[in-house]
Amino acid sequence: SINLQLVLGNTLFALATWLILFVLAFLMYGKALYNIGAVYYAINTLTYTMVCVAISFLVGNLTRSRGAQAAIVNVLSLGLSFISGVFVPQAILGESVLKIARFLPTYWYVRGNLRIDQVDLTSGFSIGFMSTELNMQLIFIVVLFAVSALLIRYKRTSNA
C-alpha cells in the first residue's frame, strides 16, 4: 500500500511538472506551438516522463541513502543522455554505441523526437509512425516497475 502510494505520488508530481512545463512553453512560444507536431512531442515527453518516474522509483528502492541516490541518478541521467543521443546527435554516434543504446529508454525517446521531425505533419493525426518508439518506452516502464516490485518483495521476504 505504501509503495503504491509512493508510485501514485511520484506520478502525480511528475505529471504536474510536465503540465507546468508545457503550459510555460505555450505561454512563451504562443501560436508557434498550436500544431500537430506539438501534440506528438507532448505524447513522447509524457511517455518519457513516466519512464523517468519508473527509474526514480527503482533507484529509490535500491538504496535509502540520499547521497547514494543522488550519485546513482547523476550517473544514470548523464550516462543515458551521452550514449543515447541527447548531447551528441545519434547520426554522429558509432554503430556499436547505437547498438548498446537500443537497450536504453532514452534512445527511444530521442528516436521518437527524430521521427516527429521527419514526418509530414500535414496528413492529420496518426501516432502509428512512432509506435515503435512509444511502445519501447512503455515496455521500459512496465519492466522497471516490475523489477521494483520484485525488489520490494525480495526485501520484504528477506527481512521477515
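Of the 160 residues of the protein chain, what percentage count as buried? With that settled, which residues of α1 meet α2, and how do the other helix contacts look?

Reply: The structure is a predicted model, in which local features need pLDDT of at least 70 and side-chain atom pairs count only at pLDDT 80 or more, while totals for chains, interfaces and linings use all residues. Residues are numbered from 1 along each chain as its sequence is written, and side-chain values use heavy atoms, with hydrogens and water left out.

Of the 160 residues of the protein chain, 33% count as buried (buried means under 20% relative accessible area, exposed over 50% and partly exposed in between, with a 1.4 Å probe and protein chains only). The protein chain has six helices and zero strands; these elements are DSSP runs numbered from the N terminus, with helices being H or I of at least four residues and strands E of at least two. From the N terminus on, the order is α-α-α-α-α-α. Along its principal axes, the C-alpha trace spans about 60 × 40 × 30 Å. Among contacts with a separation of 6 or more, 66% are between residues 24 or more positions apart (contact means heavy atoms within 4.5 Å).

The part in question is α1, residues 2–29, and its packing on α2, residues 36–62. Two packed helices are described by the angle between their axes and the distance between the axes. For α1 and α2, the axes come within 10 Å and cross at roughly 145° (axes are lines fitted to C-alpha atoms, for helices over the stretch in contact, and angles run from 0 to 180 degrees between N-to-C directions). The crossing is right-handed; that term applies if the near helix is turned clockwise from the far one by less than a right angle, and left-handed applies if anticlockwise. On the α1 side, the contact is made by Asn 3, Leu 6, Val 7, Asn 10, Thr 11, Ala 14, Leu 15, Trp 18 and Phe 22. The residues they meet in α2 include Tyr 41, Leu 46, Met 50, Val 53 and Phe 57. By class, this contact divides into 13 nonpolar, six polar and no charged residues (Ala, Val, Leu, Ile, Met, Phe, Trp, Tyr, Cys and Pro count as nonpolar, Asp, Glu, Lys and Arg as charged, and the others, Gly among them, as polar).

Trp 18 and Phe 22, both part of that contact, also belong to an aromatic cluster with Phe 26 and Tyr 34. Rings of Phe, Tyr and Trp (its six-membered ring) pair if their centres lie within 6.5 Å, with planes under 30 degrees apart counting as stacked, over 60 as edge-to-face and the rest as tilted. By this rule, there are eight aromatic pairs. One of them joins Trp 18 to Phe 22, tilted, at 5.0 Å centre to centre and with 40° between the planes. These two residues are four apart in α1, about one turn of the helix. Trp 18 has a relative accessible area of 19% and is therefore buried. Phe 22 also pairs with Phe 26: the ring centres are 6.5 Å apart and the planes stand at 45°, so this pair is tilted. Phe 22 and Phe 26 are likewise four residues apart in α1. With a relative accessible area of 27%, Phe 26 is partly exposed.

Ile 55, Val 59 and Gly 60 of α2 meet Gln 69, Ile 72, Val 73, Leu 76 and Leu 80 of α3. This contact has six nonpolar, two polar and no charged residues.

Helix α3 also holds Ser 84, which at 0% relative accessibility counts as buried. Beyond four places in sequence, Ser 84 touches residues including Gln 90, Leu 93, Thr 106 and Val 110.

Finally, α5 (residues 105–118) and α6 (residues 131–159) have axes that come within 8 Å and cross at roughly 155°. These helices are therefore roughly antiparallel (over 145 degrees; under 35 counts as roughly parallel, 65 to 115 as roughly perpendicular and the rest as oblique). The crossing of α5 and α6 is left-handed. Among the residues in contact are Trp 108 and Arg 111 of α5 and Glu 133 and Phe 140 of α6. By class, there are five nonpolar, three polar and three charged residues in the contact of α5 with α6.
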